[in-house]
Each structure stands twice: as C-alpha cells, then as structure tokens.
Amino acid sequence: MPTNIFKENNFQESSEQPSREYFDLRILLETAGNQAALTPADGAGTSSCRSSGNLQDSKDGEHGTENITGTGGAKAKLPSPTNSSTPSSSCSSQSSIDQHGDTHEIKYLDEGKVMESIQRGQRSGSWNHLIHIIGIVFSSPEFLMRSFPTCSVKICESSSVDPDKDFDDTEAEPMHVDQLPTQERCAQKEDAAQGDSERQNTACLLSVDLASLRRVYDALMSIPEQPFQAALINALKSLSYTIQMDFKYHRSLEKDRNFLNIFVIVLEFPNLHSPEYLETAFPSFCKALALMPLKGQARLAQILSMYGEKRLTIILQSLQQLITVRIVNNEGRWGRSFHLNDDDAIVDACCVMKIVYYASLFGGQVDSLELLEEERHSNEADLLHDALQGAMGIEPKEQSQPRENPLGKELKINQIDVRKPLISFEEFINDPLNEHIDISTDYAYYRAEPDNKFSFITHNFVLTTASKHMCMYFDNRIRMLHERRTSLLQTIVHGGPPMPYLRIRVRRDHVVDDALLNLEMVAMDNPGDLKKQLFVEFEGEQGLDEGGVSKEFFQLIVEELFNPDIGMFIYNENTRQFWFNHMSFENEGQFTLIGIVLGLAIYNSCILDIHLPMVVYRKLLGKKGVFQDLFDVDPTLASSLQQMLDYDGGDFEDVFMQTFRIGFLDVFGSSGIHDLKEGGEDITVTCENREEFVDLYADFILNKSVECQFRAFKRGFMMVTNESPLKMLFRPDEVEMLVCGSKEFDFHALETATDYDGGFTADSPTVRNFWDIVHEFSEEDKKKLLQFTTGSDRVPVGGLSKLKFIVARNGPDSDKLPTSHTCFNVLLLPDYATKEKLKERLLKAINYAKGFGML
C-alpha cells in the first residue's frame, strides 16, 4: 500500500529538494486514491492550499514548497508549481488567496476567468491572483484538460470514461473554432464514405475552443514583463512529470476522452521557443508527449492536421529551435563518447516532430483511397508476375524488409502517397543536426539495438538527402560484406573458385552486348550475386576498379542504351527527357537488364547521366502515373487536356469534337489508334465525362501503354534494391538525385572542400592559377573536368562540397599532360611555370583523354 511505502522510506521534512523516486510515489498515491494526492477530493480546496487534511500549509510556503503528509504521518516537501522569483507569486497562506479572490475554487480556466484576472491585476497592480490560477491549472492534468471548453462541453468534476472502455470507443466532442470544421461539418462527414470519414471525423476529437484559447494567450503576452512566466514554467515542469509518470506506470490519463486537450493547450502557447522555456519546461513537456501511447499520438496528429500550414509551422519552428539550441549549447560535447542520439531533449523533440510531420502529411494533398487500393492490387499483381518468371524471377530466399513506421501504419498514411504536405518536406530538415550527426553510430543503433537506442533513420524527415544517402551507403556496404562472406564460406564447404565480387568483363567497343550478357547470366543463375560489390574490367586495359572504372562503365552503357536510334526509349525535345517506347522491338529481358543497371548504379553509389521524368521514380516506388504526372512526360498534351478541363463554354462538344478514341505516333512516325473504353469511337467527350476522358488518357500514356516494358524495367531494378531501405528513406525526387546527382555545379564549394598533396597548398601559384582557369570554364568544360578527374560528370548527392577532391603535385614544370586517379578523385598536376601553359595542357587532357592505364 502507498502508506507502507511512505513508512518504509521514512520521508522527513528537510530543506533538500525531493528525489525523483518521491515523485513516483506521489503519483502512485494519487492513482490509488490516497488522501495525500495533489488533486482535491470533492468539496476540498486546491492542491496548493488546504486548510485541513493531508495537504497542510507550511512555514516554508514562502519559499514555494508544500508539505505532503501521508496517512503514516511522514512529510516531504514539494516545489510549488506557482513558485516564482518574487514572493508574491507563492501561495503561503489561505488569507493571501482570499485577498485576491476564491482561487481555491478554480478547477479549470476559460476566457472569462483569465480576462477577469488580468483586469483585476491591471486595476490593483498585483498579479498574484493570475499567477496563482495559472499555477494551479497548468500544473494539474485534470484541471487543464477541462479548460477552455467549447460551448457544447459541460464542465463536470470528472470527465473520465469507463476504465474498461477503450479510448477508441468513446464519443468525441465536436470542435467549434474558426479554421477548424464546425459541428455541422462533423455531422456531414459522418455521413460520408467510411474511408474518408476516418480522416474527416478528426475534427470531432477535440473539445478545446482554440479561438478563445488564442485570445487568452494574446492577452497574456501583452502584459508587460509577463509576471506569470516563472509560475507557468514551474507548472509546466510539474505537469510534464506527472504525465510522464502516468504514461509509464498507471496510464489513467489516456482513458479520459479529453486528455489530448492538455497537449493542444500547451502546444498553442506562443512563447515555447523563448530561452526561458527551452531550458527546462519545453524539453520536459516534449518528453511527456513522446511517451504518449501510439493511439494517442495518432489522434493528436489528426487534430494538428486541421490547423493549417501557418499554425503547424509555428509548432515545428519551436521544436527546431529546441534541437538547434541543444546542439549549439553542447558544441564541444559531440564526439565518439557522446552522440546526438544520447541527448534526451533532442530525441524527445524529434519524437514530437514526428507527430507534427505526420500531421502535415495527413492534412496535405493525399491520393484518393480508390487510387491507393488500385495501386495495392497492381503491386500485388506485379509480385505474382515476377514470381512466375522462372529464371528471371526474384531470389527465392526470404528477404528482410525495412521496418514499417508504427505511427504511419496507425494513421494508414505514407509519405509517398502525399502529393503536397501542409508543410514542405524541407522545413523539417535541421541543418545543425545533420552537421553533427554520426551516421555510422546512428546506423549501428538502427540495426543492432532498435528497441533500446534511438535512431534518426526512423525519424529521417530531419535528415538531408546526403545524410540519408550515407545511411543507405552503410546498409549497402554491410550487405556486400555479407555476400562476400557467404561466397567464401560456400567455397570452403563446396569447393570451387571464390566469387566475392560481381565481376563484369567487357570490351570497350561492345560494352552493351558484353554487359547485358554478363548480367543476364547472373540474373538467371543466382540473382543474389547482384548484391555483391561490382568489379568492372575493360579488356586490354590495366585499370584496377576501385570505383573509377565502374563510373566509366555506367557512363558508356547509359549512352548506348538511351540512344534514340536503338528505339527502346523516346526522346522529348521539349523536356529533354526519355520515355518508354511502347512499340519497341526489344523484348522484356532487355528492359529488365536496364533496370538492373539502374539498381546497380544506386547500390554501388554511382551517378548516371540519365534523364527520366519524375513519374518513373514514383512508379519504381509503387505508385501509378496520373494526370498530374503527364506534365513531366508530355507537357504539350497535358496542357491541351487541362484546357479541356478548364473550358466553361456551352459549346464544348462543338469546340473539341473528341471521342474516347485517341490517335498517336510511334517513334518511327507510324500512326496508331486506341479506344480508351469499349466502343470509344462512338462515345463523345462532354462536360460531364471529360474528367473521365482525361484520367483514361493519362492512364493509357503513363501506365497501360508501357505496362510490359515498365514491369520488366522495375523487376530488374528490384532485383538489386528489394532489401534496401530505399523506399523507407527516400522520396521520388530524392531517388532521382541518387541516380542523377545534384544539378548545381558550384565549383567554389568544390574549391573550399579540396585537399592538396605532393607539395601543393591552397596558396601555391599553380593551384591559384588552376582555380582561376576552372572558374572561367564553361559548364560543358566543367563537366569534362569532373569526368576526367572522378570518372563521372555528375555532381554527387549533397553538392560538390561532398566530393573528396585532391589536387596533387606531379613533379616540376614539364610538357606532360595532367593525369588523374578516378577511383580516388585525385588530379595530378605538374608544377607548370605559367598560367597559359596550365590552361592549354588541362584543356587538352580533359578533351582527348580516354581509357585507363597504370602510372
């Protein structure tokens, strides 16, 4: 029993602060119904000032402490939530309360009570009454959850529900605020389709009058010097710890239908980002919110999704400020012994940010349920088709898949399904965090201790594309090592030559034929070998592949495969992008092998000069092409269809004269026709069915016409990446960056990041001349320089500042041309005597160099 616990610990009065164990006991006493609880019993006074019973006034009250007496008679001191830096903010006696009003009757706040207290303080010049009521209510979960109610909510002594009844089964109160749906809208949404109503009925989960609450906060912020601040900070700390203990042990709060009101009221406070709150109060509150059960977090995300971009951004900025301040204040601590993952405030803020992130997704432009269901069936059909492909099928062994996000699963939403969130994805990225994060440690936490250690990989919305790329790089390298060990073990057990690498030997003049033959044999024999580290050899050349040879191999094979003369892809002059030729004479196996090449490039961290529309990457991640995607593939056709949708004249049929039969030209100039629906030639497009016509037209261009080619292409891609965290980490635009690299050629950033060797320094005359020449280059010459020194003319993910580039001295002045180690991004420059000679020799090298040799 709680009484025995107090006796055994024998707490006595002292001037020391109570221990955390005591607070745990305090919570246990409260939940057991002990008379020493902080919340008053029926008919009793407030928890801060009782005239009798177990809570007694103390001579130490002027110092902001209370005496808590258990039934065993032992006493202990607790800091008062109304304690502030001035004695006037404390509640030292009953008479001081009565002097400013009956604050001992305060069990909730509303706009009227707060405004009355503010006016009283303005008249008297004393803010004791306001300070005390804020301290009382904001330190008590029971009082705060009943504060600022909507007009339809009846304030009662207890709003708790049957403890045996799950929160999902409780009736939610309607909202009544300006920018949130009204009660009438809630009623209408209950009559909507069941799938849509799950999201739209979110408006009925909250019983806080947000408009009134915001007016109250505005009034409080207008008070000079904000005398209530210390009391509010202490109250929030007390509130947070109480909630933490409840979520950890008793879990009684979540049974109350209004418990989410607590978090909404606090998150609405406009000053959470200020230094005073960032120090202790806001981190403590984030810790409590991070401990909230999953269902509660999902409901809170649904509520926040109704806020709109502006309000939700304010909450996000407060969390970003908390993370940034913690990182900057501990600048010297981050290292091998202490990581960002070990800081509770940063971890808790990221957990809360995840709720905001999913609120942004949930409230954004989400694909329709019909489209999502259609995509699910299509993906299942593709898996079945792949399983029946025999030798070209997926590897039969059981494959590990990335862990699914619990909150996303609870909300039934994924970032790939959201066209436009309330807040852009870039706003969630924290730059200081990405600068200080140790990706290797974070990945180790993700793989080895997912339940005991926090990992930013599961909260990757705060990470840049470059940081996420590094996470996938570690995952791929570990998988390569695993395949290498497996190969060596099989050699020991079964004999035969070891095959630790995916070795491809090609002739430079027949690179496509040789490569596709090699990859086809691997895909037929053992698809698992595609996950080995790639090792390319050019026949007759001495280059050893440490990365540079592979880069050139991919560059050459892409140039050949995407040559319009082959006819596998159609090139659009307006968009300068390629699209699948649905009338190609090549078989599906050829497209499968192209998909393998694309997957191998990502798996081996090679950047390709490929120009594909964004819809290709969306489809690779399991989505279907829709009308919106048609603007990337054929903007002229998409604009024409948009004009059809926007036309509001009464002579629609006479103007467009269109049926559901369409015509097209193939890559060879031959014409063809296709009925978008059965009997399409006899069905006229009208104002009533024009949306159906546009959707069917886009579906034909983006999906049905290229179904065979794209399915084969995706199959090859998935052979390499099916176990990769690609889909978990990256959005379609980020996958494009992984494949094609960044589009910014910032050579000033490259100059800043460059290292020097062999006697060169940043101030060497030859080095200064080199950079002056490079900055004068055209973009085409800059690409050739990158190709010459790194093996690829593409900018790596994160920009040129992420490229480890080295300029080394290669002897004194001579007529030798510059050379390079493409595997290690090293440019070897003789110490040329003049700038003119350096420019002439460098241009000749980058324009005419070809092939590999041994230096």
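Predicted model: local features only at pLDDT ≥ 70, side-chain atom pairs only at ≥ 80, totals over all residues.
When the contacts with a separation of 6 or more are considered, residues 24 or more positions apart account for 72% of them.

Two pairs of strands can be followed in detail. Strand S6, residues 501-506, is joined by six bridges to strand S7, residues 533-538, and the two run parallel; within this pairing, Arg 503 has Phe 535 in S7 as its bridge partner. Together with helix H22, which covers residues 511-525, S6 and S7 make a right-handed β-α-β unit. Strand S8, residues 569-572, and strand S9, residues 577-580, run antiparallel instead and are joined by four bridges. Here Tyr 571 stands opposite Phe 578 in S9, and in the hairpin that S8 and S9 form, with four residues between the strands, Arg 576 takes a positive phi near 55°.

The residues of this hairpin lead on to the aromatic rings. Tyr 571 and Phe 578 belong to a cluster linked by ring pairs, which also takes in Phe 562, Phe 569, Trp 579, Phe 580, Phe 591, Phe 710 and Phe 713. In the structure as a whole, the count comes to 37 aromatic pairs. One of them is formed by Phe 247 and Phe 259, an edge-to-face pair with 6.4 Å from centre to centre and 85° between the planes. Because Phe 247 lies in helix H10 (residues 229-250) and Phe 259 in the loop between H10 and helix H11 (260-267), the pair ties together parts that are 12 residues apart in sequence. Both Phe 247 and Phe 259 are buried. The rings of Trp 334 and Phe 338 have their centres 5.3 Å apart and their planes at 15°, and the pair is therefore stacked, since planes under 30 degrees apart count as such. Trp 334 and Phe 338 are likewise buried.

Two single residues complete the tour. Leu 144 has its place in helix H6, residues 141-144, and, at 0% relative accessibility, it counts as buried. Although Leu 144 and Ile 262 are 118 residues apart in sequence, they are 5.9 Å apart in space, taken from C-alpha to C-alpha. Ile 262 is also among the residues in contact with Leu 144 once neighbours within four places in sequence are left aside, the others being Val 137, Phe 138, Leu 239, Ile 265 and Val 266.

Asn 460, by contrast, is found in the loop between helix H20 (439-448) and helix H21 (465-494). Its relative accessibility is 10%, and because buried means under 20%, Asn 460 counts as buried even though it lies in a loop. With its neighbours within four places in sequence again left aside, Asn 460 is in contact with Lys 468, Met 728 and Leu 729.

Key: Residues numbered from 1 in each chain as written. Heavy atoms only, no water. Pairing = 2+ DSSP bridges. Right-handed = clockwise from strand over helix to strand, strands pointing away. Contact = heavy atoms within 4.5 Å. Phe/Tyr/Trp six-rings, centres within 6.5 Å; stacked < 30°, edge-to-face > 60°. Buried < 20%, exposed > 50% of the residue type's maximum accessible area, 1.4 Å probe, protein only.
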